[in-house]
Amino acid sequence: MNKKVFVSGCYDLLHSGHVEFFRQAAQYGDLYVGIGSDNTILHYKNHKTVYSEQERLFMVKSIRYVKEAYINAGDGILDFLPTLDIVKPDILIVNSDGGSEAKREVCEKRGIEYVVLERDPHEGLAARSSTELKKSPCQLPTRLDLAGTWIDQPYVSCYAPGWALTISLEPSFEIRERCGLSTSTRNVIKRIWPYQLPNMDHETLARLVFCFENHPEREDGIISGAQDAIGICVPGLCRHYYDNHFWPDRIETCEDEQVLEWLEAHLCMIPIDPRPLGCSVVEGKDITTAKVERLAEAAERCWQAIMKKDLKVFAAAYKDSFNAQTAMFPAMIQGRVQAHIDHYSRCPEVMAWKMPGAGGGGYLACVVTDARQFCTAHPEAFEIRIRRSGM
């Protein structure tokens, strides 16, 4: 009869180091695993889990070295004591950096053998630890608004309804603050999910983010447009239709690989000065029915051109959408923004340009004849990567 072996931990950011630890521990006998509960991690480690206790239980149980796993019912560093009463193990195994005198004393009192393993990676793999993974760059996406945005605000769409077009971007570049890439909404998401978006229905996720950011007691009284939450949370290319409401009447998406690759081949970003602190892009706004209708019409043409992969029409509609935005919100052009537009608009490869988000600075998002060639010729520019489902 095999001996019973017990290990315990959080296993929140499950990685190859955990699996190797389970493999080594299972060499001593049948392996049983205790998992820290959501409540224990919140109060003992002072942070929420990335994955719920039921998700972590499912993942750990699915590892072939594990015979059975449980959610620990205790709390603190010895939260596994109730699980010990269930398993009644012969051996308790800890990592070299996970042992403690308290754990050793528990084993002595209960007649359990206490074994310490070194934290060695599996052969050929890099060493992993949850602490190091938490220091890795945040993998939350951001969004680029392509056309029609500002219409997600009811004080705009009340003049005429229309579509806003967005694409969700992988964080393959430094995402700077006050640069039009919806960092305020992204920072709100970080407070809930610090490392990556949860795997759930994309529109439901966007609704959750929108409601969390725009709670009733928000001090500044500003309602962030839904295009920010939708643009971040919904992968691929997306358009959302607004008609005098904060949330769109309908949402349509495109994840056709040929379309997404075509967009990536013709869009690039150029960093410019961030939006100045304290500046207001809504000062001097001049919103009329005719101007909003031009914005909506440009967004519709932009979508149709993308679907047909018609670069010339896409560039024209993209530029028209930006011109419609700045006609309503002239303060989008702040500081040296116009100088940057003047400079890059003279490049023969640049077919159209706009500023992401509310403008005022940050980036120029340009439509170009060939993004890779343009970025090679202009090292300050970079290509984008559109997020696909499952990423």
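Start by selecting Cys254: at 8% relative accessibility it counts as buried (under 20% relative accessible area; exposed is over 50%, partly exposed in between, with a 1.4 Å probe and protein chains only). Its sulfur is 10 Å from the closest cysteine sulfur, in Cys238, so that's too far for a bond. A quick note before moving on: this is a predicted model, where local features need pLDDT of at least 70, side-chain atom pairs count only at pLDDT 80 or more, and totals for chains, interfaces and linings use all residues. Residues are numbered from 1 along each chain as its sequence is written, and side-chain values use heavy atoms, with hydrogens and water left out.

Next, pick Cys107, buried with a relative accessible area of 1%. The closest cysteine sulfur to it belongs to Cys10, 18 Å away and too far for a bond. How many disulfides (cysteine sulfur pairs within 2.5 Å) does the structure hold? It holds 0.

Now for the rings. A search of the whole structure turns up 11 aromatic pairs (Phe, Tyr or six-membered Trp ring centres within 6.5 Å; planes under 30 degrees apart are stacked, over 60 edge-to-face, the rest tilted). Select Trp262 and Phe314: this pair is tilted, at 5.6 Å centre to centre and 55° between the planes. Trp262 sits in helix H11 (residues 257-266) and Phe314 in helix H13 (residues 311-328), so the pair ties together parts 52 residues apart in sequence. Helices here are DSSP runs (H or I, at least four residues), numbered from the N terminus. Both Trp262 and Phe314 are buried.

Then grab Tyr11, Phe21 and Phe22, which ring pairs link into a cluster.

Last stop, charges over rings (NZ of Lys or CZ of Arg within 6 Å of the ring centre and within 35 degrees of the ring normal). Show Arg239 with Trp163: the charged end sits over the ring, 3.9 Å from its centre. For Arg176 over Tyr363, that distance is 4.7 Å.

Key:
Helices (H or I, at least four residues) and strands (E, at least two) are DSSP runs, numbered from the N terminus. A disulfide is a pair of cysteine sulfur atoms within 2.5 Å.
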